[in-house]
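Open the model in your viewer and keep the selection tool at hand. The tour below goes stop by stop.

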Amino acid sequence: MKTLVTNPVLIKELKLRFRNLKSFTGILFYLIAMSIFVFGFIFLATSLTGSGFFRPDESFMLFSIMTYIQLGLILFITPALTAGTVSSEREKQTLNILLTTSQTSFQIIFGKMTSSIAFLLLMIVSGLPIYSLVFLYGGVSPSQLFFIFLFYLLTLLAIASIGVMLSTLIRKTIVAIIATYGAMIFMAGVTAFFLLISIQVSQMGSGAPSMSPMAHFWATINPPAVMLTLLQPPMQDQLQSLTMVPIPLWVGYTIFYLLLSVACIFLAVKKLRVNMNKYK
Amino acid sequence: MIETIGLTKKYGSFYALQDLNLVVEDSTVFGFVGANGAGKSTTFSILATLLQPTAGDAFINGISVTKNPQEVRRQIGYMPDFFGVYDQLKTEEYLDFYGASYGIKPKERAVLIPKLLELVNLEHKRYDYVDLLSRGMKQRLCLARALIHDPNILILDEPASGLDPRARVEMRDILRELKAMGKTILISSHILPELAEMCDSIGVIDNGKLIAQGSVHDIQAQLQSEKVLRVKVAGDTQAIIPFFEMDPFVSQIEDQREKNVIQFFYRGTEEEQMRLLQRAIEQKIPILSFAEEETDLEDVFMAITKGVEIG
């Protein structure tokens with residue numbers, strides 16, 4: 001914990017980020033957009049029923065939509081915040097000096113990544129009061145909200161790791177950002193497509209579902225699918241009846257993305273500096 | 001001490017650096033001279049552990065840059081030829097960040113930073129944003145940054161490049177002060193006379209090869225075969241030119257008639273030079289002065305890189 005607090009790169013990055021007006025305007029616009037959506041939804045729901053009441057099932061629907069919007073936000077913003085962390089230092093010609101200090105490569109990568117994650121967490125946490133409006137109307141348990149936030153944290157970590165790794169491997173920031181968005185599209189879109197294909201393939205012939213580990217795998221690494229099972233636990237049983245694999249999606253999701261994060265961070269740390277002894 | 005043994009860097013079939021053997025003794029200033037692309041920055045990058053050599057090794061205080069780069073980083077202060085600064089970071093915070101990066105404790109940093117800012121004459125800019133400083137101030141700040149962990153070896157790649165004359169003089173004064181503090185300094189510059197003033201020895205690099213190494217005077221002495229003689233006479237220079245043209249060791253006579261001076265390259269030994277003077281006196285040439293022209297480092301560099309083989 002002391003290393004975390006005294007990490008010079010982390011402190012410097014946080015200082016620079018929170019001195020930047022763009023950071024605060026970003027959070028402001030995010031909160032304005034969320035507020036407009038939540039109050040608009042409540043207004044529409046109450047005016048359409050004409051009763052002035054907001055039912056718990058509507059409250060849950062609002063919670064679900066907000067949760068997906070926030071996931072979209074994470075998938076959309078994290079690459080932009082992380083994919084330039086190392087490459088922008090290279091472009092600004094500050095990286096070489098940083099690399100000649102006695103900080104380890106892990107300290108540098110960790111500091112860079114943590115500062116980006118901290119900002120995103122601040123953004124998510126700042127939206128909590130608006131999020132909490134759903135508790136006024138019932139239909140959502142605090143534990144469900146807690147697990148959703150753990151899911152966000154893991155997803156953030158995974159995307160941030162991919163972003164930092166690509167930023168280390170690719171020299172130009174713009175290319176690194178595009179590559180990270182490509183990875184996001186694969187995570188959220190291509191895996192969903194493969195999931196549908198795999199289910200169709202498994203149902204070919206008899207028409208009855210047969211065991212399909214591939215379909216289960218694609219569902220496991222697809223964030224919107226896992227989010228759906230967290231919001232609607234019965235969806236987990238339905239998916240299980242299609243793929244015949246009895247492992248909850250969140251288990252595979254946690255293992256896969258933790259391993260992916262570790263692998264990405266490891267690669268970024270390895271590739272940040274040249275291996276001076278490679279030719280020997 | 002800095003030492004390189006057979007240091008080589010190859011990109012495909014192109015040698016950026018070829019078999020560089022260099023020794024910089026403790027508490028000395030070594031000037032690295034060479035045209036753009038000669039291999040100076042490549043050498044410095046390897047010494048700063050930023051570039052992996054293709055062959056050979058370099059040692060900083062006896063520590064191998066290839067085997068123990070982390071320890072080497074603690075021993076050196078490196079200033080690259082091109083560098084950027086962070087936006088929205090104040091001068092004091094800039095140094096504080098690098099101090100922390102070298103593991104210096106906050107209390108020590110608080111004492112150290114004002115001293116360093118005083119050394120580089122930036123104490124009045126302590127609370128200014130670094131991206132708003134002038135080029136010369138940024139260069140000095142970068143030097144202060146390189147000194148933050150008190151390294152005894154400084155690797156300075158063109159520290160005076162792009163500076164106006166005043167900033168250059170200020171930078172030179174700071175370097176003199178560092179020399180007086182006993183730092184071992186490896187410095188490159190294309191402003192050659194500046195190096196001559198402060199360097200104990202120089203190395204000339206061309207096309208990735210070290211073609212001359214030694215003290216400034218040694219290297220100039222090795223150029224004796226190309227020394228320039230300057231003869232001032234009382235009267236017209238036209239009349240004496242045929243006499244000097246007859247000497248087999250004289251070439252490229254330059255007539256500076258308005259000053260009554262002729263200047264030429266002389267390839268003979270000191271004894272032959274003495275006999276030339278005796279003959280001139282015997283011929284009653286009215287010589288007022290007969291002297292060897294001082295060769296500055298610029299001339300040495302130009303001569304060497306034109307292909308004159310040296311020791």
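**Stop 1: two helices of chain B**

Select α3 and α4 of chain B. α3(B) and α4(B) pack at an angle of about 125°, and their axes lie 10 Å apart. (Axes are lines fitted to C-alpha atoms, for helices over the stretch in contact, and angles run from 0 to 180 degrees between N-to-C directions.) That angle makes α3(B) oblique to α4(B). (Under 35 degrees counts as roughly parallel, over 145 as roughly antiparallel, 65 to 115 as roughly perpendicular and the rest as oblique.) Helices here are DSSP runs of H or I, at least four residues, numbered from the N terminus.

This is a predicted model, in which local features need pLDDT of at least 70, side-chain atom pairs count only at pLDDT 80 or more, and totals for chains, interfaces and linings use all residues. Residues are numbered from 1 along each chain as its sequence is written, chains are lettered from A and ligands numbered from 1 in the order in which they are written, and side-chain values use heavy atoms, with hydrogens and water left out.

Now show side chains. From α3(B), the contact uses B:Thr91, B:Glu92, B:Leu95, B:Asp96, B:Gly99 and B:Ala100; from α4(B), B:Arg109, B:Ile113 and B:Leu117. (Contact means heavy atoms within 4.5 Å.) These residues divide into four nonpolar, two polar and three charged. (Ala, Val, Leu, Ile, Met, Phe, Trp, Tyr, Cys and Pro count as nonpolar, Asp, Glu, Lys and Arg as charged, and the others, Gly among them, as polar.)

**Stop 2: a salt bridge within chain B**

(A salt bridge is a side-chain nitrogen of Lys or Arg within 4 Å of a carboxyl oxygen of Asp or Glu.) B:Arg126 sits in the loop between α4 (106-119) and α5 (135-147) of chain B, and B:Glu92 in helix α3 (residues 91-101) of chain B, so the pair ties together parts that are 34 residues apart in sequence. Over all chains, the structure holds 18 salt bridges.

**Stop 3: where the chains meet**

Select both chains. Chain B gives 38 residues to the contact and chain A gives 28 residues. Between them they bury about 2900 Å², 59% of it on carbon and sulfur atoms. (Buried area is the accessible area, with a 1.4 Å probe, that two parts lose on being put together, summed over both.) Pick B:Leu50, B:Gln52 and B:Tyr86: they supply 21% of the area that chain B buries against chain A, more than any other three residues.

How many salt bridges are there between chain B and chain A? The count is one. Select B:Glu93 and A:Arg19, whose closest N and O atoms are 2.6 Å apart in a salt bridge.

**Stop 4: α7 of chain A**

Select helix α4 (residues 56-82) of chain A with α7(A). Their axes come within 10 Å and cross at roughly 150°. α4(A) and α7(A) are therefore roughly antiparallel to each other. The residues of their contact divide into eight nonpolar, four polar and no charged.
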